[in-house]
Amino acid sequence: MSLSAIRAEARPLVITGARIVDPTSGLDAIGSVVVVDGLIRDVARGAAPGVPEGATIIEARGKALLPGLIDMRVFVGEPGAEHRETFASAGQAAAAGGVTTIVTMPDTDPVIDDVALVDFIARLARDTAAVNVLPMAALTKGLKGREMTEFGLLGAAGAVGFTDGRHSITNALVLRRALTYARDFGALIMHHPADPDLVGSGVMNEGETATRLGLPGIPREAEIIMLERDIRIAALTGGRYHAAQISCAASLDIIRRAKKQGLAVSCGVSATHLALNERDVGPYRTFYRLAPPLRDEDDRLAMIEGVADGSIDVIVSSHDPQDVDTKRHPFAEAADGAVGLETLLAAALRPVHNGEASLASVVRALSARPAELLGLPSGRIAAGAPADLILVDLEQPWICEADKLHSRSKNTPFEGARFEGRVLMTLVGGRTVYKDNEA
Amino acid sequence: MTRENPTSTARLPAFAHRHLLGIEGLTPPEILTLLDLAEEAVDISRQVEKKKAVLRGRTQINLFFEASTRTQSSFELAGKRLGADVMNMSVGSSSVKKGETLIDTAMTLNAMNPDILVVRHHAAGAVHLLAQKVGCSVINAGDGAHEHPTQALLDALTIRRHKGGFGELVVAICGDILHSRVARSNILLLNALGAQVRCVGPSTLLPKALDRLGVEIFTDMKSGLRDADIVMMLRLQRERMDGSFVPSVREYFHFFGLDQEKLAFAKPDALVMHPGPMNRGVEIDSAVADGAQSLIREQVEMGVAVRMAVLEALSAHLPNRPGAA
């Protein structure tokens, strides 16, 4: 379906017989949703209270209707690396993965650290992407970790938060000032906690696997120490701090403690880290080279526990398109990153199917919680909310094939992986942007 | 399957690999098969007529992304003694993006239909990557800090010729274990053949979770060498002696350099090995390196023999079959 056709679709819509799962209201029941003018007008248990004239009716037949996913960490490639991903291709990948809102990282060429560039992204995305695109702007100019950007003006231009993306702020004073200044605007500061000195030349988790492979390791302390520092600075300043991704059990303890203290602290984990561990690197498979690195099984299980009990706020894809020019290298010389938009939901559902986390906890971390952090009206199935909805067959088995990904880059660590749970249909603002042809 | 040399391959039922990428993945019988073959190669190499025809007509390319004199010439001699046409290619780490050079060079060479590629690269796993992209047999001549299988095989051959076997032996591998592919391959091989392996070095040069590889760990030479049958020293790279991993050469030699005094902690008939090139006065004292207990020069001789054995073992699985268009 072409984008113009999608945009033109404005008829009212009624979805009936769906298992509506909305963690915000606690609803998990068979019911109907009425969509008019891109907004949810009604949510009802059982049949729809009134069907608007000329409405399209979708029979869900008991399939799950979830809030569209909101992915807080997506690297696109446009501007500067369009051969890896554009807003158009990322939008298609997102739609196919049930992601209705992507939050893009400023690590592009040029870096998104200027009002005009935020505006450019917003326009470009509006014209070419099938889903909502919300840019995060750089936290420091040029991602150099020295001078903060114009939080107020950038925020007014549409930046939903501030981050240096893959880069960590080593200078504690810079972070202190940024968190202090951001407080005046209520701005969210997202940080990748990884001490570059401790990371050193490391390319995977420090431990037995790295030792066997002869690869330099990254100690967990690179993350733990910087996260601990960040939390102290968050406490000092009262700013809103979000750790983009954590990967170790000890980091989870730090987050839990901070929350207990009542700090405005939150964190994310990637669905890949919920599904895989360092052993998956196997014989130097560069698609498993990530930042932070895949850790060991105990860490993976801790991450699932953190999602299950809500200590970890959001699950992200950390979608990072890379091509053969950056990945077809010896492991130590390859780039970090994996695509993940199209496997986000399926990978995040694994703990649900394994009985390790409730469906509501996972869905909350994929929709309601990121919406809260970003101050969005979406992420819930309630009257008045945007009709960003996905219809999902939670049980449908499928096998991930890299060639079938919509993303322009195929660097998935899930090639050949067996999943349960497939997106059947994705609605953004009431418009159908994706339909599973195999369903 | 057509085989060019049935008399030689018939003796090799236990070796069914197309590549030699590491000691990992080899079974003890396969390792022993290689050592037996190498014994024959030692005899051949001591004759006037040093040639065998196992690789006649075959092309062997030695592709070295890292400088090496001894390993490269050892592979060259081994290939020539088996009748192969050997070409040496040294590709320095140029200004081109390193990995790009690797794959591009490999594909270019592959198009020339070589039968065997012998590869050394500074990045762990580079040889695995290359083996996936080419159609010929690939031998790992050292990849980063990962493996150097022919070095471990030649060390094993040297040990077996002097000690008869591996069962009761205590082998102490000393020095920079962290960056050493020689250590990793030796740990795997010696463990597979039943020796007791120790690693001795300062903690900054011992990788994390090393004990999980089945070795005992020591941070001082006195306890590490106690009752050792074999003392295997490793080279310490110059750039690691300046305070980054150890404070100074002087301090390193004082605590970990093998001199007569430290060697005396080992068994009286203990033997000393070193993969070379040696840093005399850094990890080993000249008196020990050139002394009666040293096997260092013999290791070099065994190197050629072991590489002949590996080439011969792989010869049953080479591409470009006879008669193929």
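This report describes the cores, sheets, cysteines and chain interface of a predicted model.

**Nonpolar cores**

The largest nonpolar core holds 103 residues, and the members touching the most others are A:Ile102, A:Phe162, A:Ile246 and A:Ile315. Helix H13 of chain A, spanning residues 344-353, supplies the largest share of this core with seven residues. Apart from this core lies another one, made of 65 residues that include B:Ala84, B:Val118, B:Ile173 and B:Ile177. In soluble globular proteins, nonpolar side chains tend to be buried together.

The surroundings of A:Ile246 can be described in detail. When neighbours within four places in sequence are left aside, A:Ile246 is in contact with A:Glu223, A:Leu227, A:Ser251, A:Leu252 and A:Ile255, among others.

Chain A has an open sheet of three strands in the order E6-E7-E8, with parallel pairing. Its edge strands are E6 (69-74) and E8 (132-135) of chain A, each of which pairs on one side only. The average twist from one strand to the next is 20°. Strand E7 of chain A, residues 99-104, runs parallel to E8(A) and is joined to that strand by four bridges. Within this pairing, A:Thr101 stands opposite A:Asn132 in E8(A). Helix H14 of chain A (residues 359-374) lies across E6 and E7 of chain A, and runs at about 65° to E6(A).

Chain B has an open sheet of four strands, ordered E2-E1-E3-E4, and the pairing is parallel. Strands E2 (85-90) and E4 (137-143) of chain B each have a single partner strand, so one side of each has no neighbour in the sheet. Here the twist averages 15° from one strand to the next. Strand E1 (residues 59-64) of chain B pairs with strand E3 (residues 116-121) of chain B in the parallel sense over five bridges. B:Ile61 stands opposite B:Leu117 in E3(B).

Helix H3 of chain B lies across E1, E2, E3 and E4 of chain B and runs at about 180° to E1(B). One residue of this helix, which spans residues 70-81, is B:Gln72. Beyond its neighbours within four places in sequence, B:Gln72 is in contact with B:Asn62, B:Phe64, B:Asn88 and B:Ser90.

**Cysteines and buried residues**

Over all chains, a search of the whole structure finds zero disulfides. A:Cys248 is accordingly in no disulfide, and the nearest cysteine sulfur, belonging to A:Cys267, is 11 Å away. The table gives the relative accessibility of A:Cys248 and of two other residues.

| Residue | Relative accessibility | Class |
|---|---|---|
| A:Cys248 | 0% | buried |
| A:Cys400 | 1% | buried |
| B:Gln72 | 11% | buried |

B:Gln72 counts as buried because its relative accessibility is 11%, and the cut-off for buried is under 20%.

**The interface between the chains**

At the interface, 16 residues of chain A are in contact with 25 residues of chain B. The size of an interface is often given as the accessible area lost when the parts come together. Chain A and chain B bury about 1,700 Å² between them, and 57% of this area is on carbon and sulfur atoms. On the chain A side, the residues losing the most area to chain B are A:Thr211, A:Arg212 and A:Arg328, which together account for 33% of what that side buries.

Note on methods:
Residues are numbered from 1 along each chain as its sequence is written. Chains are lettered from A and ligands numbered from 1 in the order in which they are written. This is a predicted model: local features need pLDDT of at least 70, side-chain atom pairs count only at pLDDT 80 or more; totals for chains, interfaces and linings use all residues. Side-chain values use heavy atoms; hydrogens and water are left out. A nonpolar core is a set of buried Ala, Val, Leu, Ile, Met, Phe, Trp, Tyr and Cys residues joined through side-chain atoms within 4.5 Å. Buried means under 20% relative accessible area, exposed over 50%, partly exposed in between (1.4 Å probe, protein chains only). Helices (H or I, at least four residues) and strands (E, at least two) are DSSP runs, numbered from the N terminus. Contact means heavy atoms within 4.5 Å. Two strands pair if DSSP finds at least two bridges between them. Axes are lines fitted to C-alpha atoms, for helices over the stretch in contact, and angles run from 0 to 180 degrees between N-to-C directions. A disulfide is a pair of cysteine sulfur atoms within 2.5 Å. Buried area is the accessible area (1.4 Å probe) that two parts lose on being put together, summed over both.
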